[in-house]
Amino acid sequence: MVTFIDTHAHLYGDPFQDDLAWVVARAQENHIAKVYLPNIDETTIEKVVDTAQRFPTVCFPMLGIHPCYIQSNFLPQLYAVEAWLQKGSFVGIGEIGIDLYHDCSLRQEQQEAFAIQVDWAKKYHLPLSIHCRNAFKEVTALLEKAQDGTLKGIIHCFTGDRMEAEQCIELGFFLGISGIVTLPKNTLAETVAAIDLKHLVLETDSPYLAPVPHRGKRNEPIHLLHTATKIAEIKHVSLEEVARITTKNAERVFNKNAASAGQH
């Protein structure tokens with residue numbers, strides 16, 4: 001039986017407070033076998049952990065600080081997060097990165113915090129889930145400097161062109177394809193057409209970025225099927241082929257870490 005993996009979903013947030021069990025059950029019934037949960041900041045760690053404990057065979061926790069939540073005095077934030085990491089119960093470092101879309105005032109702080117968290121990936125032998133918005137040069141420059149052959153992970157919500165995709169692949173990363181690929185007249189579809197499936201993984205970024213035909217509504221893991229169907233259409237392959245290859249790719253990123261993730 002084919003299964004899918006949602007490599008990036010914030011199921012621990014308030015939009016799922018009232019019906020999370022139903023959302024997870026719907027996902028499982030529709031062959032979404034695993035959902036990976038990226039953390040946002042130090043205030044959401046317990047929510048991520050609790051959700052993973054509640055659904056230990058489906059939900060797997062990552063740990064990091066989203067760049068938009070990096071503060072001017074960010075070191076205490078990072079100390080608090082790393083204290084949790086030392087418990088050894090997380091499958092990835094994320095969601096981390098650089099975001100210069102809304103606010104560039106903490107550019108330096110974001111870069112320093114990103115570098116520290118990338119070093120955690122080496123220290124704890126964990127993959128990365130990387131947020132990159134209006135900061136492609138900054139993110140790839142840091143990864144080029146840090147890559148020693150051990151770094152791996154996913155460029156979350158990738159929206160770049162073919163050249164940028166190839167640069168990420170050369171750095172050892174998979175491209176996270178979200179519901180954005182279903183939007184009309186989007187350039188991501190052109191990139192997906194040009195890049196081999198062996199470099200792609202699926203994600204929803206729930207509750208955000210709902211695909212067509214659910215735009216404007218809460219996103220959830222079951223909607224991964226719309227993204228997968230669109231990719232199958234773009235690549236002229238079966239939905240089963242998309243499921244098989246992207247699931248294998250996700251397992252290459254996470255599997256060696258997932259077995260112990262439910263033990264907090």
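I count two strands as paired if DSSP finds at least two bridges between them. Helices (H or I, at least four residues) and strands (E, at least two) are DSSP runs, numbered from the N terminus. The model is predicted: local features need pLDDT of at least 70, side-chain atom pairs count only at pLDDT 80 or more, and totals for chains, interfaces and linings use all residues. Residues are numbered from 1 along each chain as its sequence is written, and side-chain values use heavy atoms, with hydrogens and water left out.

**Entry 1**

I looked up S4 and S5. They run parallel and are joined by five bridges. Isoleucine 96 stands opposite isoleucine 130 in S5. Helix H4 (residues 107–124) belongs with S4 and S5 to a right-handed β-α-β unit. I call a crossover right-handed if, with the strands pointing away from the viewer, the path from the first strand over the helix to the second runs clockwise.

Next I checked S5 against strand S6 (residues 153–155). Three bridges join these parallel strands. Leucine 128 has glycine 153 of S6 opposite. From S5 the chain crosses through helix H5 (residues 136–146) to S6, and this β-α-β crossover is right-handed.

**Entry 2**

I moved to strand S1 (residues 4–6). S1 runs parallel to S2, with three bridges between them. Aspartate 6 is found in S1, and its bridge partner in S2 is valine 35. The chain goes from S1 through helix H1 (residues 20–29) to S2 in a right-handed β-α-β crossover.

On the other pairing of S2, I found strand S3 (residues 59–63): three bridges, parallel. There, leucine 37 has proline 61 of S3 as its bridge partner.

I then asked about cover. Buried means under 20% relative accessible area, exposed over 50%, partly exposed in between (1.4 Å probe, protein chains only). Strand S2 (residues 32–37) has five of its six residues buried. Aspartate 6 has 0% relative accessibility, so it counts as buried. I also took one distance: aspartate 6 and aspartate 148 lie 27 Å apart in space, C-alpha to C-alpha, and 142 residues apart in sequence.

**Entry 3: aromatic rings**

Rings of Phe, Tyr and Trp (its six-membered ring) pair if their centres lie within 6.5 Å; planes under 30 degrees apart count as stacked, over 60 as edge-to-face and the rest as tilted. I found two aromatic pairs. The rings of tyrosine 36 and phenylalanine 254 are stacked, because their centres are 3.9 Å apart and their planes at 15°. Tyrosine 36 lies in strand S2 and phenylalanine 254 in helix H9 (residues 239–258), so the pair ties together parts 218 residues apart in sequence. Tyrosine 36 is buried at 0% relative accessible area. Phenylalanine 254 is buried too, at 1%. Ring pairs link Tyr36, Phe60 and Phe254 into a cluster.

**Entry 4: largest pocket**

On a 1 Å grid over the protein atoms alone, a pocket is an open set of points where a 1.4 Å probe fits, with protein on both sides within 12 Å along at least five of seven lines; lining residues have an atom within 4 Å of a point. Points are joined across faces, edges and corners, and a volume is the space filled by probe spheres set on them.

The largest pocket holds about 850 Å³ of space. Of its 33 lining residues, the closest to the centre are His66, Glu95, His131, His156 and Asp205. Which strand gives the most to the lining? Strand S5 does, with three residues. Strand S4 (92–99) and strand S5 (128–133) each supply at least two.
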